[in-house]
Amino acid sequence: MSTHDLTIPIAAPARPWRERLGTLIPILVLAPSLAASFVYVFVFAAWTLYLSVSTSSLLPSYGFAGLDNYMSLWANRRWNIAYTNLFFFSGFYILGSMAVGLLLAILIDQRVRGEAVWRTIFLYPLAVSFIVTGTVWSWLYNPADGIQALVRGLGWSSFNFALTSDRNLAIYAIIITGVWQSSGFAMALFLAGLRSVDPDLIKAAQIDGASTFRTYRRVILPTIAPIFLAVAVIQIQFAIKTFDLVAALTRGGPGVSTTFPAIYVYDLMFQRGQIGEGAAAAVMMLAALAVVLVPYSLWVVWRRRRESGHG
Amino acid sequence: MADTAIALPFDAEAAAASRRHFWSRFAIYGLLALFAVIYLVPLLVVVLNSFREQEEIARNGLISLPQSFRLNAWSDAWGTYCIAGTCEGMKRNFLNSLWMTIPATILSTLLGAINGYVLSKWRFRGSEVLFTCMLLGVFMPGQIALMPWAFVLGKLGLTNSTYGLILVHVIQGISFTTLFCRNYYVGIPDDLIKAARIDGAGFWRIFRKIILPLSPPILIVTVIWQFTGIWNEYLFGVVFTSGQQQPITAALVALTASGTTARSYDVMSAAVLIGALPPLLIYLFGGKYFVRGLTQGAIK
Amino acid sequence: MTNQSALTIRNLQKSYGAVEVLRGINLEAQPGEFVALVGPSGCGKSTLLAMIAGLESVTSGEIRIGDRLVNSVPPKDRDIAMVFQSYALYPTMTVRENITFGMESRGVPKAEQAEAVKRVSALLQIEPLLNRKPGQLSGGQRQRVAMGRALVRDPKLFLFDEPLSNLDAKLRVDMRTEIKKLHNRVGKTTIYVTHDQVEAMTLASRIAVMHQGSVQQFDAAQTIYSRPANMFVAGFMGSPAMNFIPAELTGVAGQPSVTVRTATGGTATLPLAQPAPANAPKQVVLGVRPEHIYRFSDDLGQRKPGIAAMDAPVELVEPTGAETLAVLKFGDLEVTGRFDPDSAPRMGETMTLGIDMARACLFDPTTKTLL
């Protein structure tokens, strides 16, 4: 026993630093990514925030201008158009893609043959860039070569479908294309939700004599209500960030009629050399995202807590 | 068997039900087919037009059955078509996109896997908070980072270079890849790690021998997600590069905008397809993982 | 000193921030001994095991394996092996690779590894499974492989963390027997965590019953069952649980006894087999296990000393085949008795019970401890 006792004090001091290194490895490994993300998320956001209250114009400069940039932003007619467009677009885009997505999901959920083929067809636009989608649809909307020409060629010579060349209608072209591109996404999420509903619940509803329609409306859809919210929140995010689609489809035109906040930021920063005001517009975009995402995240966390509290 | 079935008394209710069944099936497939046409027509139009002659397109419109078949448009779009004065087609931009997307995808996926491993299996005080901070990167709009990036890339001498775009995409992508991998690794039982520690394996050995062999499903999802995302990205491409250095998305916009008078739909169709092909192929071959990535990224 | 403990735990504490999970644990295991840690979920038994393994850090106190203080020794250097509840078999490796993974980590020569695999797989009869992946094994087979992985280390200490709780009832009994046989054959010191008191009773020579982060009683299995240190241990060990009957200490004609309420509103006096200690309060709790309640007969009183008789109505009868459980009314209280099917009561009957007072326990109702 006494010989054993002697060995312990000798071995003991050697361990701590090796052990400490052991516990440090994970932190050391994580550190570079953390630092980069930290800079990207916090430093960059703060930087742009600072630019938005600076006197920057063609080049960044760091004189303090107070809220001047925000004042001139909100006084600008084009910004006015941009955020009005955003609201208008968001509403139709979200409702449209959710409605189409839900319809497709329910159709596919009826034990149809070739489910994989249908799904592949409805989802492929998601793999393709907004640039490609926007470009192709801009051709289809072209009155001389696209859909209008086709229908007129079939004999209906007064048919009018020239959305992209009409200031008041161009926004609908963007909505239609947006819905076309992303209803497959809503479909995928809804389908995943429908498949996660407890089959016993559906059997119980059938035994209770509910029709398919009633089963969906009263039993299945209410249980997947959180998915509706998730889809809506993600679509709003897409909408706020919308840039590529408009850039390829209408380039903000005709005139400035399809300007969106993201387009506006890009234009002011890189085309007009008004960095300060562009930064202010970018900050407004971030604020819009925060308005949507912060309450949603809090709600998700709250719900998860409540569920784990009960479980 | 058949005889007894015929001999059964006629059941009006059953017959009505089977008729209803037939019509509801008919409606379901009819609707699906209608939507399938709406989804497929734009793709079909581009594919067909890329093989038609421009004169024929001009005569019959974009949407009509092809009467000619030639491959010139494809070779023009690839190698000789003029965009804003330079006549080298899309080849250069296609390769730019490739050399940007592949390294950025690999790097961000690897970092994401390691970060996810640390954040799920080697938690330390405050690691959850750090994870949440990293997550914020998922929601950041690119616009907010444009000026800072322009400054940083300028300082590093990476303006108008593929390397600059790689850097941007890796750092922007870390949030996504870390989120994906972490959420997947959380599902791997902690007991495995404990058992391996008792077996004498350390941080890296556990990663290599236990975590990585379990990772293919999530790595495929992450690679597909990152590849399509980076390939399709436009904003950073158009802001930080120009001309010869542009990725294909930015070049496509420049190409379709440059058609001043007569639009050559044949070449542009081929160019659009060249730009869409890599993500489309990935989607066709890895569709299952693509959808999984979508739903995972969304639910979280 | 020749009788060196295989494991000694002194004053061990564990807290996460302000939450105290373990409060001053003292335990030891003799070489070759099988010790079970048992308690309800959340009692800290798994944390204690993880600390012995080195997977959780020690807040204060000490853990010695043999005579070596291991508080800050990493798990791999503690000379232990562990079987997990989920088995924790590496899913991408074959059974053989699972078994050799640890040896590979320690750089054991290939030939020696092969030899060890041979020895262990013969012992556990898993030779035909060596090239399969864990996903292709049944629950019982996985269990064996997990034990094989532990055995191959030839460790000083075996740790089991609820190894049977993922198996179905029948397999659990089989594997229990097998673990016992295995322990008899290899004779390694074993610490076994379970929430199942039957498992603890059947396997262990000594049991530590844990509750709310401290050891309630650490004793031989039979002692824990027959002389539980407090009402928690008494209630936790044994199924159906021990009956707790409020009673009053009385002395009738020099004969120490307790008085309990009967269903008719009166009282019954039950003579005690041995007098209560002098410091006992007047109000006590009488603890009677269901199997110590019999149907009274004259010869029973002669066969067993210390039988006390009383009447009680039978409210409910639950035959299980081998035995019949009956719910009896003592005042407002429901008391469970366990009867031989031959002498089982009928529902509604008022029967005369013989209570084995020699095996009954008395508890202090305020401190909940055994008197």
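Residues 24 or more positions apart make up 65% of the contacts in chain C with a separation of 6 or more, two residues being in contact if their C-beta atoms, placed from the backbone, lie within 7 Å. The model is predicted: local features need pLDDT of at least 70, side-chain atom pairs count only at pLDDT 80 or more, and totals for chains, interfaces and linings use all residues. Residues are numbered from 1 along each chain as its sequence is written, while chains are lettered from A and ligands numbered from 1 in the order in which they are written.

Chain C has 371 residues, of which 39% count as buried; a buried residue has 20 or more other C-beta atoms within 10 Å of its own, with C-beta atoms placed from the backbone. The C-alpha trace of chain C spans about 80 × 45 × 40 Å along its principal axes. Chain C is assigned domain 1 (7–230) and domain 2 (243–363), with bounds from an automatic or database domain assignment. The centres of these two domains of chain C, taken over C-alpha atoms, are 40 Å apart.

Chain C contains 9 helices and 20 strands. Helices (H or I, at least four residues) and strands (E, at least two) are DSSP runs, numbered from the N terminus. An open sheet of 4 strands in chain C has the order E2-E1-E4-E5 and antiparallel pairing, where a pair needs at least two bridges found by DSSP. Strands E2 (19–29) and E5 (68–69) of chain C are its edge strands, each pairing on one side only. Strand E4 (residues 60–65) of chain C is joined to E5(C) by 2 bridges, and the two run antiparallel. Opposite Ile65(C) stands Arg68(C) in E5(C). Helix H1 (residues 45–53) of chain C lies across E1 (7–16), E2 and E4 of chain C, at about 65° to E2(C). Axes are lines fitted to C-alpha atoms, for helices over the stretch in contact, and angles run from 0 to 180 degrees between N-to-C directions.

In chain A, an unreviewed UniProt entry lists "transmembrane region" for residues including 86–108 and 120–140. UniProt positions follow the numbering used here, feature names are shortened, and annotations may be inferred rather than shown by experiment.

| Span of chain A | Helix and strand | End C-alpha atoms |
|---|---|---|
| Residues 86–108 | 100% helix, 0% strand | 32 Å apart |
| Residues 120–140 | 90% helix, 0% strand | 23 Å apart |

The contact between chains A and B takes 68 residues from chain A and 60 residues from chain B. Helix H1 (residues 2–52) of chain A gives the largest share of the side of chain A that touches chain B, 17 residues.

Note on methods: A residue is buried if 20 or more other C-beta atoms lie within 10 Å of its own, exposed if 12 or fewer, and partly exposed in between; C-beta atoms are placed from the backbone.
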